[in-house]
Amino acid sequence: MIPAKFEYIKASSVSEAIGLLEKHGDDAKILSGGHSLIPAMKLRLSRPEVLIDINGISGMNSITEDGNEILIGANCTHADIVNSDLINSELNILASTAKHIGDIQVRNRGTIGGSLAHADPAADYPAVVLACDAKIEVEGKSGKRTIPATEFFLGIFTTALAEDEIITAIRFPKVANGNYQKFFQSASRFAVVGVACVKDGNSVKVGVTGVAGTPYRATAVEDAYSGSSDAASHAVDGLEDELMSDHFADEEYRAHLAKVMVKKALEA
Amino acid sequence: METFIGKPVKRREDNRFLKGAGKYTDDIKLHGMTHSAFVRSPYAHAKIVSVDTSAAEKAEGVVAVYTGSDACGTIGVPCGWQVDFKNGETMREPMHPLLAKDKIRHLGEAVAFVIAETLELARDAAELVDVKYEALPAVTCPKKAMASGAPKVHDEWEDNAAFDWCIGNDRAEVEAALANAHHVTEMTYKNHRLAPNAIEPRSYIADYDVNADKWTLYTSTQNPHLVRLLLCAFALGIPEHKVRVVSYDVGGGFGSKIYHYTEEALLTWASKEIGRPIKWTSDRTEAFLTDAHGRDHIVHSKMGFDKDGKIVAHLTDEFCAMGAYLSTFAPAVPTYLHGTLFQGVYTTPLIHLNVVAPFTHTVPVDAYRGAGRPEATYLLERIISKAAKEMDMDPAELRFKNFISPFNGTTEPGYQTQVALQYDSGNYEGVLKRGLEMLGYEDFRKEQAEARKNGKLLGVGISTYIEGCGIAPSAVVGSLGARAGLYEVGHVRVQPTGKVSVFTGAHSHGQGHETVFAQFVADKLGIPMDDIDIVHGDTDQVAFGMGTYGSRSLAVGGSAIIKSIEKVLEKGAKIAAHKLEAAEEDLEYAEGKWTVKGTDKSISFGDVSLTAYVPHDYPEGVEPGLDFSSFYDPTNFTYPFGTHIAVVEVCSDTGKVEIKRFVACDDVGNVMNPMIVDGQIHGGVVQGIGQALLEEVVYDGEGQMVTGSYMDYAMPRADDIPMIETDRTTTPCPHNPLGVKGAGEAGAIGSTPAVVNAVVDALSHLGVTDIQMPVTPKRVWKAMQS
Ligand SMILES: Cc1cc2nc3c(=O)[nH]c(=O)nc-3n(C[C@H](O)[C@H](O)[C@H](O)COP(=O)(O)OP(=O)(O)OC[C@H]3O[C@@H](n4cnc5c(N)ncnc54)[C@H](O)[C@@H]3O)c2cc1C
């Protein structure tokens, strides 16, 4: 459990970090909480030659209100989110999700930016950013841009981030009525299935993680919601060929669980 | 005067453990110490085409690189138990090499060994060793390993069987009884493979001292003397008197640290080659891949009953994986530690078990908490509960009908089983009665019926286990194939000032010996616990010993200490009589002093010990000193027993099982420290629940391990476990001086079938009769669908 040799650079600004990314290209990796990256490095599955630590960049770990939105710096830890009064009152779904990520050590170090960038198919936040229609704010050598959550996740560990881009913040709308339902994988305690649901009058937005390689908006459920009492049965519509399978949950059981957890979320 | 036996004395060792001040092997740093890393096979079965170490040898900081082509490649570690075929053929015993030379037989088998100045450099250099493999098909399932055409683990034999063994009554007789039985219950299942998961991974330091021509091996072992014996007499052929094996604090073993591992021998060998100390500490991945695993039996069993529900016969066939090589105790586990418990707590008149033990392309399988007895208990307790369902009887009632009646083993004889053993003492209905009472069984059944009406799935599961502990009478185990005696050594050294050092061959790696042993020594000598030190884990300090496993430490190791205490008091009485100018017969010993009966003339333990070492005014013909060592070889095993009852609720949507209550009424004989016994039961129950619901080593078709980390191997966590409600009955062991039976494994033995019985009970009205362990949400849900 000892990583291969690497060089460590602590960046003090976003532009410095981007410059370093540009300079080192493929050989470099951003380090935020390190709770996905370092385990992979210790197993030597990941062997970056340069680590660019973004933890010291000021302004990347604040949580602020911006009109009807809440702006969360990418370096905010899961614990920062759990403990934020603002998030607890205006975006409760995110605080209650963060509460069930890993254990205390993980929550004290792991960050929301790192989790989204890592795009683990069993991670929790992806379902929530999808259901909330959050926007991922990123910056790269060609400047800043905003990626809607629905366009951010491209596959297992794959996102719309360009090589020289880093996530600087996540912009959420305030959400009054949302909840996240997680079926825990018994070993890792990641999500076998995680469902985030945001309700607004007769409409609903449903984000699902853990089920397919790419987290998704369960649009078939959303469409059926107002009319049908068994909207949840559409949880995996159209994804039959993309369901993940492992020894905890094969495709059949996962599809079933998706429906159960969507139902729970819709009824919560 | 304060006494200690039977009191919940706080564990002395926790002072250092809770402060992080324990002294584990990896904490030791020796002058000039090198570090090491292994190159391990990524295949389960492969031909080694070539190994090129040239780049690694040139790498920064590398001291040496060894492969199977070096001298160490001709060395193997031995197996400590021989179980022959029932037809008389000798057990097939392959060489278990320190480094693989031509062929790989399990994932993670070591191919090369790299020694460097730092651990980082050793790891880096290990990556530079270029091994070319030719992958071969592998077999990991013990049943498939015996199918014709299965890939062979060892080419020298015609099939994969290490042995094919049976125990009990004549098979034909058992079959005939089953054919005539009123009802026969049948089960086919797998008692799946588990990884032991001690918190401290295996860790070794070998230190050859050129000037003294002596070796010291620091090792995280459960039995330092056994390691020394196997290392010296079998693996390396080095002189035993020049080898010191030290194991200070050890962070859990659960059986996995009993065995003499290849890495221990290799480090010891290499340390002399390079003339420097070498350290190796397993990482967690290596632990999953190379620590001996537990269980892995494929079972087919039939139990027959008469019309009143009395068991008439029990016939079982099992395939039990040995893994790629025979680990130290491996052959004993599915045989003499397993088949001998098939009587259970029942009067079954006819029993037959056949065990085929094949080699598989997996890490060796050996004893894991309970070792063979959890597997026996799981079978008996599942099949009897299944039978109760089929015969529409209450599972408690069916057990009461079949229990062996209570016997104390003193005025009433022990119980002779059909499977070689004689139980020492028991009251099996007593623990079940108490368990049912603790649970409120009648009320629960009402609650369950109500709950069912509301679609809630509640279930209760009972298990009434017995196990064999206090391993073991040497002559008995010798006749059963053990290649060692299983006595224990206890040495009591009274210092001149009356302080006492006790040296035990037992080894504590979580059990609390430093506390418990001091408790009874204090009471027997009538001195404060603070005056007693318990020393273990160093072959230079402790004369000899067989270590700790099989819940033997107190029953066997404690008894050896008692023997020495008796010798101390006997000699002390001679000195006291001389000093008091009285006859020995007129003295009595109590509260730390010898008193002339009926007078106030006395002499304290401390004065006698001082006299023994300053023998100026001293009895004639008596040697100075007060220092005795004893070997204790038990006359029988000990047989703890108990009842475990689980109540579960199954989520009808997801299949997830929640344990609502867990009741354990155990009888471990006399109890020295109830807090420590409770702790042992708690820990064991948690491991048993782990097996029932969560833990499983999964190999895929190629012999790759799907569950090689905690991301995929599910360990029980605090929130998986309910409050464990414990109570005890006390049926003393009749054949050892403390009357103790052993508590280390009971929890892991009794709990697993209780939990699975409860899950099946919760679903029985849906037609579910069995679910393969671990009963994961997926499996439960699927069982509910079919
Ligand atoms: C024991 C354990 C349990 C866990 N349980 C859960 C769980 O239940 N649910 C869950 O969702 N997660 C879980 N995690 C993962 C945890 O939430 C991680 O913290 C998270 O996935 C990654 O965030 P990080 O800040 O640690 O990122 P790092 O590990 O530092 O980085 C992860 C990846 O993202 C990149 N990266 C980091 N920050 C940025 C950025 N701002 N911009 C661009 N790229 C970036 C890195 O280069 C790297 O490739 C667990 C982790 C552990 C160790």
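## A tour of chains A and B

Begin with chain A: of its contacts between residues at least 6 apart in sequence, 61% join residues at least 24 apart (a contact means C-beta atoms, placed from the backbone, within 7 Å). This is a predicted model, in which local features need pLDDT of at least 70, side-chain atom pairs count only at pLDDT 80 or more, and totals for chains, interfaces and linings use all residues. Residues are numbered from 1 along each chain as its sequence is written, with chains lettered from A and ligands numbered from 1 in the order in which they are written.

**Chain A as a whole.** Colour chain A by secondary structure to see 11 helices and 14 strands; helices (H or I, at least four residues) and strands (E, at least two) are DSSP runs numbered from the N terminus. The C-alpha atoms fill a box of roughly 55 × 45 × 35 Å along the principal axes. The radius of gyration of chain A is 18 Å, which agrees with the value near 18 Å for a compact globule of 268 residues; the radius is taken over C-alpha atoms, and the globule rule is 2.2 Å times the number of residues to the power 0.38. Of the 268 residues, 47% are buried. A residue is buried if 20 or more other C-beta atoms lie within 10 Å of its own, exposed if 12 or fewer, and partly exposed in between, with C-beta atoms placed from the backbone.

Select residues 63–66 and 69–73 of chain A, which are strands S4 and S5, running antiparallel and joined by 4 bridges; strands pair if DSSP finds at least two bridges between them. Ile63(A) stands opposite Ile72(A). The two strands form a hairpin with 2 residues between them, and Gly67(A) in the turn has a positive phi of about 65 degrees.

**The ligand.** Show the residues around the ligand: there are 31, the closest being Gly33(A), Gly102(A), Gly110(A), Gly114(A) and Ala117(A). A residue is near a molecule if its C-beta atom, placed from the backbone, lies within 6 Å of it. Strand S2 (28–31), helix H2 (37–42), helix H7 (112–118) and strand S10 (166–173) of chain A each give at least two residues to this shell. The largest share, 5 residues, belongs to H7(A). By class the shell has 15 nonpolar, 12 polar and 4 charged residues, where Ala, Val, Leu, Ile, Met, Phe, Trp, Tyr, Cys and Pro count as nonpolar, Asp, Glu, Lys and Arg as charged, and the others, Gly among them, as polar.

**A backbone detail.** Centre on Phe157(A), in the loop between strand S8 (153–155) and strand S9 (158–159) of chain A. Phe157(A) has a positive phi of about 55 degrees although it is not a glycine. With 13 C-beta neighbours inside 10 Å, Phe157(A) counts as partly exposed.

**The interface.** Show both chains: 14 residues of chain A are in contact with 19 residues of chain B. Helix H11 (residues 251–267) of chain A gives the most to the chain A side, with 4 residues. That side has 9 nonpolar, 4 polar and 1 charged residues.

**Chain B.** Chain B has 18 helices and 28 strands. Its radius of gyration is 27 Å, close to the 28 Å that the globule rule gives for 786 residues, so chain B is as compact as a globular protein of that length. Of these residues, 58% count as buried.

**A sheet in chain B.** Select S18, S26, S27 and S28 of chain B, an open sheet in the order S18-S26-S27-S28 with mixed pairing. Strands S18 (457–466) and S28 (724–728) stand at the edges with a single partner strand each, so one side of each has no neighbour in the sheet. S26 (641–650) and S27 (657–667) of chain B pair in the antiparallel sense over 10 bridges. His644(B) stands opposite Ala664(B) in S27(B).

**Last stops.** Go to Ile471(B) and Ala472(B), joined by a cis peptide bond with omega about -5 degrees. Ala472(B) lies in the loop between S18 and helix H12 (474–479) of chain B. The bond from Met773(B) to Pro774(B) is also cis, with omega near -15 degrees.

Notes:
Two residues are in contact if their C-beta atoms, placed from the backbone, lie within 7 Å.
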